[in-house]
Amino acid sequence: EYFPKTAKLNQDIDYVDKEFAGSYTLNLLVRGQEKGDICNVEILKAVDDMESYLKAENPEIGKIVSFITMLKRINAVWHVPVTDESIKEASDALSEVDDFEGYDESAEDWNTDDWSSDWGSDFSDSSEGSYVAEGASDWDSFGDFEDSSQESGEEVLWVDPNIVYADKLQEKITMKEVLDTLHTAYINAGGSVASINSIVAQVERIFNYNGYAFYEVPYDVTKYPVATREELRGVVENYLTLLSGSLDQFLDDEMNPKEMKVQVQLRSHSSQITEKINKSAKEFAEENFPEGYTLIPTGTAEMERKMTELILDSQITSLAISIGAVFVIIAFSFHSVIAGIIGAIPLVLTIFLNYMVMGFAGIKLDLITSIIASVAVGVGIDYTIHFLTTYKEERALTDNLEEVTKLTFRKSGSGIITNAIAVGFGFLVLCLSKFTVLKYIGLLVGMVMFTSATLSLTIVPGILNALKPKFMLPASERKAKKKK
């Protein structure tokens with residue numbers, strides 16, 4: 001943000017924010033009490049629901065990635081339905097290719113790394129019972145699929161599961177079945193707010209296309225060969241074994257995790273958006289997380305949000321102290337509380353005007369622009385004290401307030417105006433800088449100089465002439481009034 005909008009850096013960031021998932025990152029740390037707590041399907045389901053909730057409620061979120069993303073992916077891949085016929089067809093097709101890249105008669109020469117992450121059939125060491133959800137025996141040994149295939153010496157064949165779906169598409173179905181399927185998908189996708197993509201996704205889930213019906217956290221006992229939900233923990237632990245080596249950026253321990261990081265990519269760089277997402281996530285966690293689990297915001301976005309919060313708090317505190325100090329100094333110098341109030345009025349108005357201009361111009365409050373208010377206090381007090389001192393000197397010579405005001409303008413007014421113009425235009429030179437932040441400083445400081453001078457020459461004499469405060473009277477007149 002210190003560079004102009006036309007800078008290549010800003011153009012690239014804007015493009016990423018618009019066309020991709022965003023360049024701003026907020027991390028949500030989910031923490032249990034003991035090692036292995038993250039394997040609990042109750043917390044995994046709650047975090048999965050939280051991710052869906054945050055994306056639905058915050059359009060600024062481009063993408064959410066976590067261990068759950070990989071867990072759902074591998075769960076879906078494991079449940080891609082594969083039949084004996086499709087394996088045989090794939091085998092026949094491969095045998096007809098003379099120069100098939102990457103294929104060799106020995107299993108050791110077959111490069112499984114290129115496809116093992118994409119198809120569920122890769123995880124089965126035999127064609128029997130390859131649709132894993134149908135038999136618990138496949139679940140009991142699925143973590144050892146690599147060793148069993150090597151020991152048997154069988155060739156591992158890549159099987160395209162779409163062959164199965166191609167066969168199904170050639171079968172005749174009734175129009176009622178088509179309409180019923182579309183209606184179910186329409187309802188599951190959200191009804192009247194559903195998009196074409198979401199309806200298609202629901203159709204894919206209904207037919208378990210590429211295992212999409214199992215693109216989920218293992219939670220529903222009826223869909224898995226277990227008796228209780230607690231037993232699903234073993235499924236998660238087996239998946240951790242398969243994914244080991246790929247989860248270090250999301251889990252504190254790849255086998256017995258206690259903490260899990262949820263990475264939220266944002267298209268907005270606003271600390272207000274970050275605060276809104278943080279609040280939503282914390283409220284969801286309090287209501288839906290199992291007992292013993294906490295949610296802690298971290299990451300770049302949270303750091304900048306916290307920094308903004310500290311800047312705002314320190315700005316309010318420092319301004320309150322500065323204005324209070326100005327009030328005390330002027331009140332002590334003129335032996336009057338009223339004098340302190342009159343002296344503080346131009347400062348307060350100048351600061352308000354500064355923030356109003358920043359708000360309407362879209363200038364954000366940060367470490368650099370936060371100093372402008374302090375400059376306003378320093379400059380404003382100088383002009384105000386200078387005017388008050390001269391006004392009191394002239395007031396001691398005559399009771400004609402109009403004459404007092406004219407003489408004060410001639411003596412102090414010209415000096416105040418000259419100083420404001422010289423210093424103000426000196427800072428306005430910074431507007432020619434190529435750095436946006438320096439342009440802001442030049443603009444705001446120049447505006448503060450002119451505003452402080454103007455208010456000192458208008459508001460202050462107007463209040464003095466209208467109220468005729470006693471602290472401006474000569475000492476002899478004050479004593480005479482006290483005797484009366």
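I began with α13, which passes α14 in a right-handed crossing. A reminder to myself before going on: this is a predicted model.

**Entry 1: α13 against α14.** I looked up the geometry next. Helix α13 covers residues 337–361, and its axis lies 9 Å from that of α14, at an angle of about 150°. Which residues of α13 meet α14? On the α13 side I noted G343, P346, L347, T350, I351, N354 and Y355. Their partners in α14 are I372, A373, A376, V377, G380, I381 and T384. Sorting this contact by class gave me 9 nonpolar and 5 polar residues, with no charged ones.

**Entry 2: α12 against α14.** I then turned to helix α12, residues 300–334, and to α14 itself, residues 371–395. Their axes come within 11 Å and cross at roughly 15°. Angles under 35 degrees count as roughly parallel, so I wrote down α12 as roughly parallel to α14. Is the crossing left-handed or right-handed? I found that α12 and α14 cross in a right-handed way.

For the residues, I listed Q315, L319, S322, V326, I330 and F334 from α12. They meet A373, V377, I381, I385, L388, T389 and K392 of α14. By class, I have 9 nonpolar, 3 polar and 1 charged residues in the contact of α12 with α14.

**Entry 3: α14 against α16.** The contact of α14 with α16 holds 18 nonpolar and 5 polar residues, and no charged ones.

**Entry 4: rings.** How many aromatic pairs does the structure hold? I have 9 in my notes. Ring pairs link F387, Y391 and F409 into a cluster, which I marked for another look.

**Entry 5: charges over rings.** The charged end of K223 sits over the ring of F214, with 4.8 Å to the ring centre. K261 lies over the face of F250, and here I wrote down 5.8 Å from the ring centre.

Methods: Residues numbered from 1 in each chain as written. Predicted model: local features only at pLDDT ≥ 70, side-chain atom pairs only at ≥ 80, totals over all residues. Heavy atoms only, no water. Phe/Tyr/Trp six-rings, centres within 6.5 Å; stacked < 30°, edge-to-face > 60°. Lys NZ or Arg CZ within 6 Å of the ring centre and 35° of its normal. Axes fitted to C-alpha atoms, helices over the stretch in contact; angles between N-to-C directions. Helix = DSSP H or I, 4+ residues; strand = E, 2+ residues; numbered from the N terminus. Parallel < 35°, antiparallel > 145°, perpendicular 65-115°, else oblique. Left-handed = near helix turned anticlockwise from the far one by under 90°. Contact = heavy atoms within 4.5 Å. Nonpolar A, V, L, I, M, F, W, Y, C, P; charged D, E, K, R; others polar.
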